[in-house]
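Hi everyone, thanks for coming. Today I'd like to talk about charged side chains and who pairs with whom.

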Amino acid sequence: MAKILSSENFDETVSSGVAVVDFWATWCSPCKMLAPIIEELSHDYDGKVTVGKVDVDDYPNIAQKFGVFSIPTVFIFKDGEIKERLVGFRAKSQLAEIIDKYL
């Protein structure tokens, strides 16, 4: 299951290894389409990649810190550094291909 990220655990979560972070909101239709894909990725990459979600309504400070103006936005981090910023819905195969580049 994707980890729910907050102000308290965000930095620690993305600081080491590969992390996939989905910025989303409950009212966002494309976010709802992406949600099951994010969950599948969390299972597919269990033990290899940390998969997390940030609700932009609950944590606007995190969204603002990373300049998230459109959702869904997915970031790929490696050892705390942003490697990819993907705005909008993406197919599972596209996301997996990008994640694989950083493993």
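Before we start, one term: a residue is called buried under 20% relative accessible area, exposed over 50%, and partly exposed in between. Also, keep in mind that what you see is a predicted model.

So, how many salt bridges does the count come to? The answer is six, and I'll walk you through some of them.

Let's begin with aspartate 44. Its relative accessible area is 41%, and because that lies between 20% and 50%, aspartate 44 is partly exposed. Its partner is lysine 92, and the closest N and O atoms of this salt bridge are 2.7 Å apart. The pair ties together distant parts of the chain: lysine 92 sits in helix H4, aspartate 44 in helix H2, and they're 48 residues apart. Lysine 92 comes out as partly exposed too, because its relative accessibility is 27%.

Next, which residue does lysine 53 form a salt bridge with? That's aspartate 22, with 3.0 Å between the closest N and O atoms. Here the link runs between strands, from lysine 53 in E3 to aspartate 22 in E2, 31 residues apart. Both lysine 53 and aspartate 22 are buried.

Last one: lysine 101 meets glutamate 84, at 3.0 Å from N to O. Lysine 101 lies in the segment after H4, glutamate 84 in strand E5, with 17 residues separating them. Is lysine 101 buried or exposed? It's exposed, because its relative accessible area is 56%. Glutamate 84, at 17%, counts as buried.

Methods:
Residues are numbered from 1 along each chain as its sequence is written. This is a predicted model: local features need pLDDT of at least 70, side-chain atom pairs count only at pLDDT 80 or more; totals for chains, interfaces and linings use all residues. Side-chain values use heavy atoms; hydrogens and water are left out. A salt bridge is a side-chain nitrogen of Lys or Arg within 4 Å of a carboxyl oxygen of Asp or Glu. Helices (H or I, at least four residues) and strands (E, at least two) are DSSP runs, numbered from the N terminus. Buried means under 20% relative accessible area, exposed over 50%, partly exposed in between (1.4 Å probe, protein chains only).
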